[in-house]
Amino acid sequence: MAKNFNEMTWKEYSLAFMVTRPGCSAEYRTGDWRSQKPVVDKSKCIKCGIWELRSRWGSVKR
Amino acid sequence: MHKVRNLGIEVSLGISEAVKLADVDAIAAYPITPQTHIVEHLSELVADGELNAEFIPVESEHSAMSVCAGTAAAGARTYTATSSQGLALMNEILFIIPALRLPIVMTLANRALSGPISIWNDHSDLMSVRDTGWIAIFAENGQEAFDLTLQSFKIAEDHRVLLPISVNIDGFTLSHVIEPHEFLSQEEVNEFLPPYQPLVQLNPDKPVSMGMVGIPEIFFEAKKAQDVALIESKAVIKEVFKDFGDRFGRYYNVIESYRTEDAETLLLTMGSISETAMEAIDVMRDEQGRRVGLLRLRLWRPFPVDELREMVKGVKTLAVIDRAVSFGGTGGPVAGEIRSALYSTADRPYVASFIAGLGGRDVTVKDFMDMAALAEKMEAEGEIHEYKMIGVRE
Amino acid sequence: MDALNVYAAKLAPQQESLAPGHRACQGCAELLAVRLVAKTLGRDYIIANATGCLEIVTSSFPHSAWQVPWIHVAFENAAAVASGVEAGIKSLKKKGRYPVDRKITIVAQAGDGGTVDIGLQALSGALERGHDFIYICYDNEAYMNTGIQRSSSTPYGAATTTSPAGKESIGQVTMKKNVAEIAVAHDIPYVATASPSYPFDLMEKVRKAADMEGPAYIHVLAPCPTGWRMAPNLAVSIGRLAVETKVFPLYEVVNGEYRMTVQYKHHRPVKDYLKPQGRFRHLQEKEIEFIQQYVDASYEKLLKKIAMSEG
């Protein structure tokens with residue numbers, strides 16, 4: 001994107017302000033508001049896959 | 001020459017035939033007097049296999065408009081019809097449809113809003129949704145209702161427009177009367193109105209998200225874009241009117257005029273009372289030699305400001321007849337618009353605001369003649385007023 | 001989906017249709033459940049979303065977390081919008097103007113407010129009309145998005161901002177409305193309760209609902225750390241305790257036949273479920289005993305329906 005979305009004029013937005021790039025929220029940085037940060041101890045990983053299912057953000061991958 | 005079929009038929013049925021000829025894909029509606037004959041006939045057409053569409057008999061008007069949002073977003077040509085309390089129940093969703101740019105066509109059989117509860121005709125229902133962002137068009141007879149229903153699909157679905165339209169017909173006084181119709185053939189309609197090609201639709205092949213949260217950084221821009229879309233739709237409306245006229249010989253205008261040449265006084269109406277007003281004009285012109293004429297506002301939204309300014313040039317008195325009250329306001333809703341539109345123009349006419357025909361009260365030829373005379377007297381005396389109710393027992 | 005039958009997490013589908021970057025609170029079990037639904041249905045589904053937490057955290061312009069078609073219209077009409085999408089596509093398919101070669105699941109999703117209160121009429125209408133869709137209620141037992149006000153899904157004894165506990169009140173004084181049973185009363189092919197604390201059970205139910213012709217209703221209990229006044233890391237274990245204490249039994253009703261899908265030989269007392277939650281902190285022994293009796297009675301009622309189905 002050339003311009004930030006909050007600098008565009010009304011003419012430059014998509015029809016009805018639809019979002020046509022599926023899943024583009026991935027570009028949005030979350031986490032800077034949190035007070036605790038999880039730390040993964042990879043030495044304990046038995047590759048069960050549970051945490052992949054347990055993450056709300058899909059932040060744990062195999 | 002194209003093939004035509006002439007038929008005397010109830011106006012509601014004529015509208016249903018137009019919807020059938022438009023080959024709509026989906027209809028969602030809830031029954032409400034006086035819209036019922038339209039949806040009854042449409043469900044018959046679907047049941048008989050004459051119309052290949054999904055008819056969704058919803059449990060409320062709120063759901064009717066919500067289902068329409070779903071069908072239109074899926075890319076289906078969508079139709080509904082309602083009236084009065086039903087429109088009021090839809091209110092919340094009515095605002096969202098134009099913001100989502102969904103081209104739904106809705107017949108509005110105009111009926112008074114409660115209370116006291118009334119099933120009879122006036123325009124208070126439409127006026128209550130004035131600022132929802134819909135295109136609003138008036139038909140004054142059966143032929144116009146048929147023609148405008150067909151044209152509405154073409155206008156709404158034009159990619160330069162993509163906005164919903166309400167086609168207004170007066171409840172009972174128009175919806176339930178039998179009138180001569182000149183129908184079009186399926187081939188003619190197909191040529192005029194090809195199937196709806198949605199610009200965007202809900203399809204997993206190309207996912208989109210519709211109806212996003214409008215944070216303050218973009219909300220204002222969203223509203224601006226919507227406003228411009230509605231204002232600019234007027235050019236497409238005129239284009240479709242012309243195309244329709246060229247094809248079928250029936251031309252429509254955003255404001256229609258009747259015997260306005262050299263007129264000093266104009267009456268201005270919307271809807272089916274215009275036919276009575278025309279009779280009054282004939283009497284005043286032909287029997288009394290008075291220089292009076294009639295303007296019929298066909299397009300209520302977007303409001304045709306330029307055309308109005310042009311058409312009232314040189315006119316001394318403009319009597320606007322409203323069929324709704326803006327309680328405690330400065331004039332009838334239509335008169336208020338017209339005063340605003342003319343205020344900044346030089347040599348503007350004196351605008352008299354009359355409210356008549358609420359809840360099915362007849363507005364007679366004599367009423368129109370009286371209003372014309374009263375408006376001229378008020379103009380001559382420079383009477384300052386907000387609005388006057390005509391035909392109420394004082 | 002056969003892989004799910006072996007209950008091995010690592011065999012669960014890898015595909016995601018809910019992208020990261022959404023703004024859910026830490027520990028949100030609703031988004032956890034949504035992601036499990038998304039994993040189950042892959043890319044062949046369309047969502048009609050009601051206004052609520054889920055809608056605002058996933059669709060703040062210009063960012064959408066959805067990788068499937070998604071539409072939000074208003075608060076109380078997700079079921080109606082979903083019926084429209086279903087009917088519209090059905091019509092277009094008949095006319096050859098929509099791809100016919102794949103089955104697309106239509107999902108309406110809403111919170112408890114959008115389902116049990118303001119959306120109940122639209123839900124009932126859509127279930128009655130028999131549209132082929134899944135309605136999923138993510139029930140966090142109050143209007144969390146507007147600041148934890150009580151809904152008719154808030155359980156007895158819970159303190160919310162409009163059912164506060166005080167000298168004259170123990171908080172919510174009414175019983176939780178049982179919308180799963182209301183759905184069953186519509187004689188639809190599939191109704192289930194589910195919990196993100198039991199991911200395989202939830203995913204199997206979503207799969208079944210999608211494969212079924214006609215309307216399906218799934219009621220998901222979604223523990224909300226913010227509204228239930230508990231630590232974010234407790235959401236999953238509280239969801240588990242809700243089942244272990246019989247507060248929220250996991251069952252399904254297939255064509256009117258009841259079946260418990262998660263069974264425990266011994267149940268824990270409701271106290272274990274209530275205690276970690278701040279919204280129940282004010283409850284005295286007497287009220288807890290009352291809740292225990294109510295939970296036992298409700299569970300017995302459910303067992304009878306299951307027994308009748310088996311009999």
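Predicted model: local features only at pLDDT ≥ 70, side-chain atom pairs only at ≥ 80, totals over all residues.
**Entry 1: a loop in chain B**

I began with B:Asp262, which lies in the loop between β10 (255–258) and β11 (265–269) of chain B. I looked up the backbone at B:Asp262 and found phi near 60°, a positive value in a residue other than glycine. Most residues other than glycine have a negative phi, so I marked the spot. Is B:Asp262 buried or exposed? B:Asp262 is exposed, because its relative accessible area is 59% and the cut-off for exposed is over 50%.

I then turned to chain A. A:Phe17 is not a glycine either, yet its phi is positive, about 55°. Where is A:Phe17 found? I placed A:Phe17 in the segment before α1 (50–54) of chain A. Its relative accessibility is 8%, so A:Phe17 counts as buried. The cut-off for buried is under 20%.

**Entry 2: cis peptide bonds**

Next I looked up peptide bonds in chain B. Most peptide bonds are trans. I noted a cis bond from B:Gly115 to B:Pro116, with omega near 0°. B:Pro116 is found in the loop between β5 (105–110) and α5 (124–128). I noted another cis peptide bond, joining B:Arg301 and B:Pro302, where omega is about -10°. B:Pro302 is in the loop between β13 (299–301) and α10 (305–311).

**Entry 3: one strand residue**

I picked B:Thr317 in strand β14, residues 317–322 of chain B. B:Thr317 counts as buried, because its relative accessibility is 2%. Which residues touch B:Thr317, leaving aside its neighbours within four places in sequence? I listed B:Glu264, B:Thr265 and B:Leu266, then B:Pro349 and B:Tyr350, and then B:Ala375, B:Glu376 and B:Glu379. I also checked the distance to B:Val177, 140 residues apart from B:Thr317 along the chain. The C-alpha atoms of the two are separated by 33 Å.

**Entry 4: chain B as a whole**

Chain B has 12 helices and 16 strands. Its radius of gyration is 21 Å, close to the 21 Å that the globule rule gives for 394 residues, so chain B is as compact as a globular protein of that length. Along the principal axes, its C-alpha atoms fill a box of roughly 70 × 55 × 45 Å. Of the 394 residues, 61% are buried. I looked at contacts in chain B with a separation of 6 or more: residues 24 or more positions apart account for 80% of them. The accessible surface comes to about 14900 Å², and 52% of it belongs to carbon and sulfur atoms. I recorded 35 positive and 58 negative side chains in chain B, with the centres of the two sets 5 Å apart.

**Entry 5: chain C**

I moved on to chain C, where I found 11 helices and 10 strands. Its radius of gyration is 19 Å, which agrees with the value near 19 Å for a compact globule of 311 residues. The C-alpha trace spans about 65 × 50 × 40 Å along its principal axes. Buried residues make up 64% of chain C. For contacts with a separation of 6 or more, 70% join residues 24 or more positions apart. Chain C exposes about 11400 Å², with 55% supplied by carbon and sulfur atoms. Its side chains include 34 positive and 31 negative ones, and the centres of these sets lie 3 Å apart.

**Entry 6: chain A**

How many helices and strands does chain A have? I found 1 helix and 0 strands. The radius of gyration of chain A is 18 Å, well over the 11 Å from the globule rule for 62 residues, so chain A is more spread out than a compact globule. Its C-alpha atoms fill a box of roughly 55 × 25 × 15 Å. I noted that 27% of the 62 residues count as buried. Chain A carries 13 positive and 6 negative side chains, with the two centres 8 Å apart.

**Entry 7: where A meets C**

Last, I looked up the contact between chains A and C. The contact takes 29 residues from chain A and 37 residues from chain C. The area buried between the two chains is about 2800 Å², of which carbon and sulfur atoms give 57%. Which three residues supply more of chain A's buried area here than any other three? They are A:Leu53, A:Arg56 and A:Trp57, which supply 30% of the area that chain A buries against chain C.

Technical notes:
Residues numbered from 1 in each chain as written. Chains lettered and ligands numbered in written order. Heavy atoms only, no water. Helix = DSSP H or I, 4+ residues; strand = E, 2+ residues; numbered from the N terminus. Rg over C-alpha atoms; globule rule 2.2 N^0.38 Å. Buried < 20%, exposed > 50% of the residue type's maximum accessible area, 1.4 Å probe, protein only. Contact = heavy atoms within 4.5 Å. Areas by Shrake-Rupley, 256 points an atom, 1.4 Å probe, with all protein chains shown as cover. Lys, Arg positive; Asp, Glu negative; His and termini not counted. Charge placed at Lys NZ, Arg CZ, Asp CG, Glu CD. Buried area = accessible area lost by both parts, 1.4 Å probe.
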